[in-house]
Amino acid sequence: MNTLIYLIPIALFLGGLGLVAFLWALKSGQYEDLEGASWRVLDDGDGKPEKE
């Protein structure tokens, strides 16, 4: 029972820390371009058009 005195505040602190990190990610625009990352995976990145 004495361990709950330590574990509950630690769990609340970590949950709050995760919430702050999530809100920071939203504010800094991490979720603005969701489709861009999927297209960058398919791009080979050489900058030259493919020849057929």
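Q: How many aromatic pairs does this model have, and which residues form one?
A: Aromatic rings of Phe, Tyr and Trp count as a pair if their centres lie within 6.5 Å. In this predicted model, the count comes to 1 aromatic pair. Phe22 and Tyr31 form that pair, with 6.2 Å from centre to centre.

Q: Are those two rings stacked, edge-to-face or tilted?
A: Look at the angle between the planes: under 30 degrees is stacked, over 60 is edge-to-face, and the rest is tilted. For Phe22 and Tyr31 the planes are 50° apart, so the pair is tilted.

Q: Is Phe22 buried, partly exposed or exposed, and what about Tyr31?
A: Buried means under 20% relative accessible area and exposed means over 50%, with partly exposed in between. Phe22 has 41%, so Phe22 is partly exposed. Tyr31, at 43%, is partly exposed too. Across the protein, buried residues make up 4% of the 52 residues.

Q: Where does UniProt place a transmembrane region?
A: An unreviewed UniProt entry places that feature at residues 6-26. Such an annotation may be inferred rather than shown by experiment. In the model, the span of residues 6-26 is 100% helix, and its end C-alpha atoms lie 31 Å apart.

Q: Which residues make a nonpolar surface patch?
A: Ile5, Tyr6, Ile10, Phe13, Leu14 and Leu17 make one of about 690 Å². Residues in a patch need over 30% relative accessible area. Leu17, found in helix α1, is partly exposed at 47%, so Leu17 passes that cut-off.

Conventions
Residues numbered from 1 in each chain as written. Predicted model: local features only at pLDDT ≥ 70, side-chain atom pairs only at ≥ 80, totals over all residues. Heavy atoms only, no water. Buried < 20%, exposed > 50% of the residue type's maximum accessible area, 1.4 Å probe, protein only. Helix = DSSP H or I, 4+ residues; strand = E, 2+ residues; numbered from the N terminus. Phe/Tyr/Trp six-rings, centres within 6.5 Å; stacked < 30°, edge-to-face > 60°. Patch = residues over 30% accessible without salt bridge, like charges linked within 9 Å, V, L, I, M, F, W, Y side chains within 5 Å. Areas by Shrake-Rupley, 256 points an atom, 1.4 Å probe, with all protein chains shown as cover. Salt bridge = Lys/Arg side-chain N within 4 Å of Asp/Glu carboxyl O.
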